[in-house]
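This report describes a single protein chain from its secondary structure to its packing. The sequence and the model come next, followed by the notes.

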Amino acid sequence: MRPAAGRPRVLKYLGRRLALAVPTVVLTSIVVFLMLFFIPGDPASIYIGEQTATPERMAQIRHVMGLDRPIYVQYGDFAWRAVHGNLGRSLQTSRPVSAEILTRFPNTLQLAAAAMALAIVLGFGLGLVSALHRSSAVDTMSMMVALFGVSMPVFWLALLLIMIFSLRLGWLPATSEPGWRGLVLPAVSLALLSAATLARLMRSNMLEVLQLDYLKTARAKGLRGAVVVFRHAVPNAVIPVITAMGLQFGGLLSGAVLTETIFARPGLGKLVVDSILNKDLPTVQGVVLVLAIIYTAMNLLVDLSYALIDPRIRFE
């Protein structure tokens, strides 16, 4: 009976989170739309070319693009089209922006997923080992690796990996290529910062949980150390880390901008950089809006996972 009684509370919890997520997406869409007016340059002149941009031709293109209408009307049209999956057309390729994003998104998702998997393995491993060997040489070395990961800029690490493993050793390609070999260096360079963050958080949570009374009772009852750690301590210590994992995954998607540019990987990051250099504002708007929605959705999924993992959220 208790789980059934808790379902309305879970739905209420979900409703509160959705009530926070929707205004966030709307505010993000407004900021993304205003990029069209804050960034120097006229989209009409970019579309027809500055060499042939006569006043008459400019006025005609601005009318066709709707730039001569009031700003609130333009935003309403932008939001309506975005809700229906129409993000406009690229000024450079004349293709729909949504098609450009769908073409590049699998590469970015593959990179972010590989980096997240690597970050989870390294972060959880280092954090757990460090907590179980507190104040030892293992703890010191683990936290030094984590400090190195937190302090290392992504672009600097990417260039360092290229210099060592591509130019010096010749083991892996310096630029992206199909297959796992072209994914290793970008994933490692992107994962190290997230792994370091997860390791520090996992260590602090484990140290806190290991001091709780119920674990002392479990040890006093004669349970093996592995059972105490992996069955009782880790499930409780990992709950706060889930939030960081969701935020880190959203950060990996947006942080792929530098990594994909350095490794010439054809993903959303490379697309948005090329669009900025070519002043392709509709494409920049579309990519930024999609990444913001994905980041918001990841936060919502993290909140829902809390309701599934932590009974206190389901029944309180």
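## The loop at Ala 264

Ala 264 sits in the loop that links helix 11 and helix 12; helices are DSSP runs (H or I, at least four residues; strands are E, at least two), numbered from the N terminus. The model is predicted: local features need pLDDT of at least 70 and side-chain atom pairs pLDDT 80 or more, while totals for chains, interfaces and linings use all residues. Residues are numbered from 1 along each chain as its sequence is written, and side-chain values use heavy atoms, with hydrogens and water left out.

What is the phi of Ala 264? The value is near 55°, which is positive in a residue other than glycine. Most residues other than glycine have a negative phi. Ala 264 has a relative accessible area of 38% and is therefore partly exposed; buried means under 20%, exposed over 50%, and partly exposed in between (1.4 Å probe, protein chains only).

## Thr 175 and its partners

Thr 175 belongs to the loop between helix 7 (154-168) and helix 8. This residue is also partly exposed, because its relative accessibility is 44%. Leaving aside residues up to four places away in sequence, Thr 175 touches Phe 263 and Ala 264, where contact means heavy atoms within 4.5 Å.

## Helix content and totals

The chain contains 14 helices and zero strands. Its 316 residues are 40% buried. Among contacts with a separation of 6 or more, 72% join residues 24 or more positions apart. The accessible surface is about 17300 Å², with 68% of it belonging to carbon and sulfur atoms; these areas come from the Shrake-Rupley method with a 1.4 Å probe, and for residues only the protein chains shown count as cover.

## Nonpolar cores

A nonpolar core is a set of buried Ala, Val, Leu, Ile, Met, Phe, Trp, Tyr and Cys residues joined through side-chain atoms within 4.5 Å. The largest one has 47 residues, and Met 206 and Val 287 touch the most other members. Helices that each supply at least two residues include helix 1 (2-38), helix 10 (225-237), helix 11 (239-262) and helix 13 (281-309). Helix 8 gives the most, with eleven residues. A second, separate core has nine residues, among them Leu 172, Leu 185, Leu 192 and Phe 263.

Beyond residues up to four places away in sequence, Val 287 touches Ile 101, Leu 268, Leu 271 and Val 272.

## Helix 5 against helix 12

How do the axes of helix 5 (residues 97-132) and helix 12 (residues 268-277) cross? They come within 7 Å and cross at roughly 130°; axes are lines fitted to C-alpha atoms, for helices over the stretch in contact, and angles run from 0 to 180 degrees between N-to-C directions. The two helices are therefore oblique to each other: angles under 35 degrees count as roughly parallel, over 145 as roughly antiparallel, 65 to 115 as roughly perpendicular, and the rest as oblique.

On the helix 5 side, Glu 100, Ile 101, Arg 104, Phe 105 and Thr 108 meet Leu 268, Gly 269, Lys 270 and Leu 271 of helix 12. By class, this contact has four nonpolar, two polar and three charged residues; Ala, Val, Leu, Ile, Met, Phe, Trp, Tyr, Cys and Pro count as nonpolar, Asp, Glu, Lys and Arg as charged, and the others, Gly among them, as polar.
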